[in-house]
Amino acid sequence: LELERTRTKAAAATSRREASLATLADLIGLPASELRLSDRIEQVPVISRATVNSLVDAHPRLRRLNAEESALRALTRSAEIAWRPDIDAGVFAAREADADEFGARLVIAVPVWDRNQGGIAAASARVARVSAELAAARRAIASEIDAAWSRYERALALATVSSATLRQRSADLLGLATRGYAAGETGLLELLDVRRAALEIETERVGALAEAADAVNDLITAAGTEGILP
């Protein structure tokens, strides 16, 4: 009964794997024969937690908002200058009868009623809105990158321990239990318990590898660039 259950689970897992590979191949436009399953972490970020701030500063969304904020500040300065007096200066020369006349003129148009207060207020409001959006985006991006990095670290630590230590110990115990059962020193139930424990450890290891890979993809999405990979 235990063997049949195991075979059923293995067949179901194989079916899901083949279906997933076929779906992925169709999405990326490659034949399924060119895809392979990895038993280790392929995408190792070339960054560290200390570089999170630099990733935030270089995020495409923040660069766009910074550029928009700079442009709006320039428009605000233009609006502030627009109400200032217009100055027109010049010289003239004229001749009347026997006299030559020379002179200069200076005209200063001072806006008394309209000092462009509406334009200045509107431009300032746009700057304030973009500045608030920029601050909120910075906090959100930093939080997303930090969360993805923490998730990656946890999954990587679990996968490393599972692969380097627990997997080998589990294999040793399973071998010992199998030999003990063959020699009649232990019963079938003890052997099955060891097998279940070994399967759980392997399942956790594979799950940790998948979790680490997902975390790397989340990190790429949060950072807005694949430049974190080698």
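Student: Where is His59 found?

Tutor: His59 sits in the loop between α2 (52-57) and α3. Helices here are DSSP runs of H or I with at least four residues, numbered from the N terminus. This is a predicted model: local features need pLDDT of at least 70, side-chain atom pairs count only at pLDDT 80 or more, and totals for chains, interfaces and linings use all residues. Residues are numbered from 1 along each chain as its sequence is written, and side-chain values use heavy atoms, with hydrogens and water left out.

Student: Is His59 buried or exposed?

Tutor: Buried means under 20% relative accessible area, exposed means over 50%, and partly exposed lies in between (1.4 Å probe, protein chains only). His59 has 9% relative accessibility, so His59 counts as buried.

Student: Which residues does His59 touch?

Tutor: Contact means heavy atoms within 4.5 Å. Leaving aside residues up to four places away in sequence, His59 touches Ile141, Thr221, Ala222, Ala223 and Gly224.

Student: What is the largest nonpolar core?

Tutor: In soluble globular proteins, nonpolar side chains tend to be buried together. A nonpolar core is a set of buried Ala, Val, Leu, Ile, Met, Phe, Trp, Tyr and Cys residues joined through side-chain atoms within 4.5 Å. The largest one here has 19 residues; Leu62 and Ile141 are among those with the most contacts inside it. Helix α4 gives the most to this core, with 8 residues.

Student: Which residues does Leu62 touch?

Tutor: Not counting residues up to four places away in sequence, Leu62 touches Val56, Leu134, Ala137, Arg138 and Ile141.

How values were computed: Helix = DSSP H or I, 4+ residues; strand = E, 2+ residues; numbered from the N terminus.
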